[in-house]
Structure formats: structure tokens, C-alpha cells
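Colleague: Hi! Could you walk me through this one while I have it open on my screen?

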Amino acid sequence: MAADTTCPYCYETFPVRDIMFRCTARPGSTGSRCKAERDPVLEERRGRRGELGPVFTARPRGQLAPCPTCQAVSTFRICPVCHSTLPAQFGMVDNRLIAMVGAKASGKTVYMTVLLHELMNRVGSADGIALMAADDETMTRFGADYQDRLYRNGELFHGTRPAGANDHRVDPLVFRFGVKRRRLLGTRPEHTLLSFFDTAGEDFSSQESVQLNTRYLANADGVILILDPLQLPGARLPARSDSGLPNTEGTDSPINVLSRVTSMLLPHRSDPGGRRGSGRISTPIAVVFAKLDAVWDTLDPGSPLRAHPPGGARFHTADSLDVHEEVRHLLREWRGGQIDQILDSNYRHYRYFGISALGNSPTPDSLVAPTGIQPYRVTDPLLWLLSEFGSVARQERR
Ligand SMILES: Nc1nc2c(ncn2[C@@H]2O[C@H](COP(=O)(O)OP(=O)(O)OP(=O)(O)O)[C@@H](O)[C@H]2O)c(=O)[nH]1
Ligand SMILES: [Mg+2]
Ligand SMILES: [Zn+2]
Ligand SMILES: [Zn+2]
């Protein structure tokens, strides 16, 4: 029985033995050569045009297979559903899909960008963590559309386009995450493929978008739910006045987004009721208070959210539980107690976090503050998810 796997680009599930190949369209040993041609599947599924080598099925020899037409050996393994080239090591290392969800303007795109940038550049090798793009397109797209925009030009993002407006597609960014782990025979890096897909706030307010997103969410291994404290009724008043208060009304309130995500996950990711604790969703969900900088002054001086985080390549359980309890307490204080009830009764694994991606409020004309980007605790939620997957170690004691 072949194990099923999920494509990091289209989030469709298929047996590993169904992986297909794409011919290199270079001359093979017989001198014949396949012609590059259009790939209607790739066009339809991913919106990618252009001429590429033809697609074939073959019994692979490791990660390669000879093209049955021209005999040239190809290393391009592709997804049988969307025809995207699969990353190197796909099928050999863990493959985890992570969904970013949250109300409109809660800070999903900014957070995702800062998190990935930090892991690629700053946290990096000193902590034994490495992150790099798993394919050329992710590298180019993350560089130009996300990183350069925020870090080089200091510009914030326009709202993310909803999946429905995007020819019914999302475009995940796929990375290879490596962490050095101590093993019996010294340390060695362990790799995990991570696919991030950033949703639009509107994706959770219209029924059409909800249906489109269900497959992505149902196949996600972990969910990061971004909550904007400024969208909770109780936290708006004490917050700094320059933080540009977003709208909290209507279908796009944090509670509504969580309710919709929950009803999308319940039929797919919960075990049938009966036993105690069953009937709840098994997908781990990191519930992240973003924009902590905007409410910083209202936090208790002794709050764990103001403490210097431990850092490193491990997940620190004690620190995380302190933050978890503190955020739960703030949630009640800020009249978001209903969020806690929904999580508690529907999710088996949820954890609260507090982060600031930017570290400061942006300027009124939507530019990064002149003091620059000063992230705080941004890697905590991802390290927790990775620890839930067993991909990073836990440090239990302080
Ligand atoms: N103070 C503060 N503001 C932030 C921070 N991160 C984001 N913001 C503000 O929130 C706005 C929205 O951020 P985005 O990341 O684009 O929000 P989004 O959730 O992706 O929004 P949609 O794509 O429309 O669903 C930004 O333009 C900033 O004004 C932060 O760390 N601190
Ligand atoms: Mg966005
Ligand atoms: Zn060929
Ligand atoms: Zn695919």
C-alpha cells in the first residue's frame, strides 16, 4: 500500500507512486529529442503558460526516469494533478502545509513575510535553523512581491486577492526548513518542506470563497490564525491612537472568521464522536495576537509578553505556556472570550501567541516606521507547529 502525499502547490492528495515526470526536452541517448509544448493542465491549475517538455509516467529509478519517447533521463518529478515540478527531496522528507487565516487587515501577509525573512536571514545559522526557497518561482516571487516590497521599499501590502478573484487558485510559497538535531551519532540537519498559503480576509466572508478554501484548509497540517487585538472591542480604547483602527463590524469579525474556519475543518479533520475528547479537530491551530506593539503600553510590566523570549532552535514549552495563559487572560479582558470557547470546544491542539511583526505602527501613509522593522517573538508560532509535527525538539524545563 503506497502512502498518500499532498502536493505543496495545489494541495491535492495522491499516492506517491502516481508522481509523474516531465521530459527535459534535450537530446537523449538515441539522438531523438522531444519538443517543448504547452501544458494545459499547468495552465489551468496554476495559471503558468509557456512551452515545456512533455509529461510522462514511468517506473522511477530513485528520483529519475527515462522518457519513453526520447530516452533522455529526467529528474523533473511533477504533481499528477497540477503538473507543478515537485521540490527536490519531495516524498523523502516531511512535507507540511501551513495555512494563514484571519480577518481582513489583521496582519497575515506582513507576518508571513517577516517570519520567512527572519528565518532566512536573521535567526538563521546561529540558532541551527536554515530556511530557503524550495523552488525558483518561490525564490523570485517571495523576493520581489514580498521581501523587497516590505524590507527594501518599506511599503505595506494592498489587501491579498481572494482566491475566488484569482481564477480559483491560491499560490503557496514553498520552502525547505532545516534544523540541526542532536542524534546518537552527533548532530545532523533534518529537513521539512513547508508550504505557506496566505488567504485573504474576504476568503472567509463569502460562501463561494469558503468552498474554494475548504480543500486547502482540510489538507493543511497546521493553521496560523491571526487575530488583531485592535479588532476586539475591549482592546481598542487603550491602544495607541496612531495605530489606525481597523473595522470590527460585519461578517469579517475575528469570531466570524474563526467560526467559518472551524466549520470548514470539522467535517474533514475531526474523528467521529463518542469517546471523550473526540469529535474535535486534530489540526493544530496557533492563535496569534499580532500587532502587539500597538497594545504594548497597556500590558502589565511583569507580563510574559514583555519578557525577552528564550530563542534558539528549540521550542520552549514553559515560556510558551506562560504566554498562552496571558493571552487567554487578555482575550477575556478584551471581550474576546467567545474565541476561547470556540477553540476549547472544537480543537484538540490550540495554543495562543503574541507577536509583533513590525515592532512599530506604520506611518499614516502606509510605510514602515522610520525606526525600521523590529520583529518580536515572530518565530514562536511556527516553532510550536513544528514541535507538534515532531520536526523540532521541545525544551521542557526552563
Ligand atoms: N502596529 C502594527 N501594525 C501592523 C503590523 N502588521 C501589520 N500591521 C498593519 O495591518 C495592516 C494590514 O496588514 P496585512 O498583513 O496586509 O493584512 P492581511 O491580514 O494580509 O489583510 P488581507 O490580505 O486584506 O486579508 C498593515 O498595512 C499595517 O498597517 C504590526 O506588526 N504592527
Ligand atoms: Mg494579506
Ligand atoms: Zn522525451
Ligand atoms: Zn499539485
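Predicted model: local features only at pLDDT ≥ 70, side-chain atom pairs only at ≥ 80, totals over all residues.

Colleague: What does leucine 217 touch?

Modeller: Leaving out residues up to four places away in sequence, leucine 217 touches Ala99, Val101, Phe197, Phe204, Val223, Val261, Met264 and Leu265.

Colleague: Changing topic to the metals. Which residues are the protein donors of the zinc ion (ligand 3)?

Modeller: Cys23, Cys34, Cys67 and Cys70, each through SG, and they lie 2.2 to 2.4 Å from the zinc ion (ligand 3). Along the chain, these donors follow the spacing C-x10-C-x32-C-x2-C. Cysteine 34 sits in the loop between β3 (20-22) and β4 (37-38), and cysteine 70 in the loop between β7 (65-66) and β8 (73-74), so this pair ties together parts 36 residues apart in sequence. Both cysteine 34 and cysteine 70 are buried.

Colleague: Why is the arrangement around the zinc ion (ligand 3) called tetrahedral?

Modeller: Because the 4 donor atoms around the zinc ion (ligand 3) subtend angles of 99 to 115°. For a tetrahedral label, all angles have to lie between 85 and 135 degrees.

Colleague: What about the zinc ion (ligand 4), which residues coordinate that?

Modeller: The zinc ion (ligand 4) is coordinated by Cys7, Cys10, Cys79 and Cys82 through their SG atoms, at 2.3 Å. Its site is tetrahedral too, with angles of 105 to 114° among the 4 donor atoms. The spacing along the chain is C-x2-C-x68-C-x2-C. Here cysteine 7, in the loop between β1 (4-6) and β2 (13-15), and cysteine 79, in the loop between β9 and β10 (94-102), link parts of the chain 72 residues apart. Cysteine 7 and cysteine 79 are both buried.

Colleague: And what coordinates the magnesium ion (ligand 2)?

Modeller: That would be Thr109 and Thr160, both through OG1, at 2.0 to 2.1 Å. Threonine 109 is in helix α2 (residues 108-122) and threonine 160 in the loop between α3 (136-152) and β12 (173-183), so the pair links distant parts of the chain, 51 residues apart. Threonine 109 is buried, with a relative accessible area of 11%, whereas threonine 160 counts as partly exposed at 23%.

Colleague: Last one: how many residues line the second largest pocket?

Modeller: The lining has 26 residues, with Phe76, Ser84, Thr85, Leu86 and Asp135 lying nearest the centre of the pocket. About 570 Å³ of space lies inside. Two or more lining residues come from each of α1 (40-46), β9 (76-78) and α3, and α3 gives the largest share, 4 residues.

Notes. Residues numbered from 1 in each chain as written. Chains lettered and ligands numbered in written order. Heavy atoms only, no water. Donors = N, O, S within 2.8 Å, 3.2 Å for Na, K, Ca; no water. Tetrahedral: all angles 85-135°; square planar, octahedral: opposite > 155°, others 65-115°. Buried < 20%, exposed > 50% of the residue type's maximum accessible area, 1.4 Å probe, protein only. Contact = heavy atoms within 4.5 Å. 1 Å grid on protein atoms, 1.4 Å probe; cavity = no way out; pocket = protein on both sides within 12 Å on 5 of 7 lines; lining within 4 Å. Points joined across faces, edges and corners; volume = space filled by probe spheres on them.
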